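Notebook open, viewer up. I want to go through a few spots one at a time and jot down what I find.

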Amino acid sequence: MALGKRCAANIRGMLNREAIKEADLAVFCVRLGPALRLATRLREALKTKLVLSPIVSMGHRGNLRTPKLKPSTSAAVKLAKALGQRSNVVAGLHTIPAFMLYSPEPLHNYSVVFYGEQPAKGAVMRLVSEIGGLHPLDGGPLEMSFLSEYTTPLLLNLKKLNECRGCSVRYY
Ligand SMILES: NC(=O)c1ccc[n+]([C@@H]2O[C@H](COP(=O)([O-])OP(=O)(O)OC[C@H]3O[C@@H](n4cnc5c(N)ncnc54)[C@H](OP(=O)(O)O)[C@@H]3O)[C@@H](O)[C@H]2O)c1
C-alpha cells in the first residue's frame, strides 16, 4: 500500500519465471546463497534482462556485523558468474535500508552508488533517479561494488550501537 502510494505502482504477485518474462529489470532481493541458486536456475530467462544486485554478504562478530567478502569476490561478481553474463548485471542500493524505500516518509537525498557496465548501469541509474530523494552515483565497474557492500555492515552497526532508526549515506 505504502509503495503503491509513493510510485503509483501496479503490484501483482507472480512466480519468478513468469515475472521475468514481463520484466525489463529483475532485482535480486534475496541473500547471496539463494540468489546464486536462483541465478543458475533462471539464467536462460534472464539472458536479455537487466539484473540489479543489492546483495550484501555479511558475517557476525559478537552482536556486530562484518563483511564476509574479499574485494575481488563481491556478491554482484558472484551473481554475474552464476548468471553466465556480466554486461547486464548492475550492483547498487546496498546502503538504503529497505524500510526507507517502502515507507511513505520522504527520502532525504541519500546517495546510492551503482557499479557495472554501460548502457545497463545508466539505464538503472535513470530509473532510480525517478525515486524522489535518491541521488544515483556511478561507482565504476562491477568489481568495485565490494566498497558499498563493506558500507552496509557499518551502517547496521551504527544503527545498533547508536539507537538510530536507520542509517544511510549522502556524498557531497
Ligand atoms: N533489508 C535491507 O535493508 C537491505 C539493505 C541493503 C541490501 N540488502 C540486501 O538485499 C537482500 C535481501 O535482503 P532482506 O533483508 O530482504 O533479506 P531477507 O529478510 O532474508 O529476505 C529475503 C527474502 O528472500 C526470500 N528467500 C529466502 N530464501 C529463499 C530461497 N531459497 N529462494 C527464494 N527466495 C528465498 C524470503 O522469502 P520468505 O519470506 O518466503 O522466506 C524473503 O522474502 C540481501 O541480499 C541483503 O543483503 C537488504
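This is a predicted model: local features need pLDDT of at least 70, side-chain atom pairs count only at pLDDT 80 or more; totals for chains, interfaces and linings use all residues.

In which sense do strand 3 and strand 4 pair, and over how many bridges? Strand 3 (residues 58-61) runs antiparallel to strand 4 (residues 64-67), with 4 bridges between them. I looked up Met58 and found Pro67 of strand 4 opposite. The hairpin leaves 2 residues between the strands, and Gly62 has a positive phi near 60° there.

Next, helix 3 (residues 32-42). I get Leu32, Ala35 and Ala39 as buried. Down the helix axis these buried residues fall within an arc of 55°, so they line one face of helix 3.

Then the ligand. I listed its surroundings, which include Cys29, Val30, Arg31, Pro34, Leu38, His94 and Thr152. Sorted by class, the shell comes to 9 nonpolar, 2 polar and 1 charged residues.

Last stop, Glu143, in the loop between strand 7 (134-138) and helix 7 (146-162). Is it buried, exposed or in between? I have Glu143 down as partly exposed, because 18 C-beta neighbours lie inside 10 Å. Leaving out residues up to four places away in sequence, Glu143 touches Ser72, Ser74 and Val77. Val77 is 66 residues away along the chain, yet its C-alpha is 6.4 Å from that of Glu143.

Key
Residues are numbered from 1 along each chain as its sequence is written. A residue is near a molecule or strand if its C-beta atom, placed from the backbone, lies within 6 Å of it. Ala, Val, Leu, Ile, Met, Phe, Trp, Tyr, Cys and Pro count as nonpolar, Asp, Glu, Lys and Arg as charged, and the others, Gly among them, as polar. Two strands pair if DSSP finds at least two bridges between them. A residue is buried if 20 or more other C-beta atoms lie within 10 Å of its own, exposed if 12 or fewer, and partly exposed in between; C-beta atoms are placed from the backbone. The arc is that of the directions from the helix axis to the C-beta atoms. Two residues are in contact if their C-beta atoms, placed from the backbone, lie within 7 Å.
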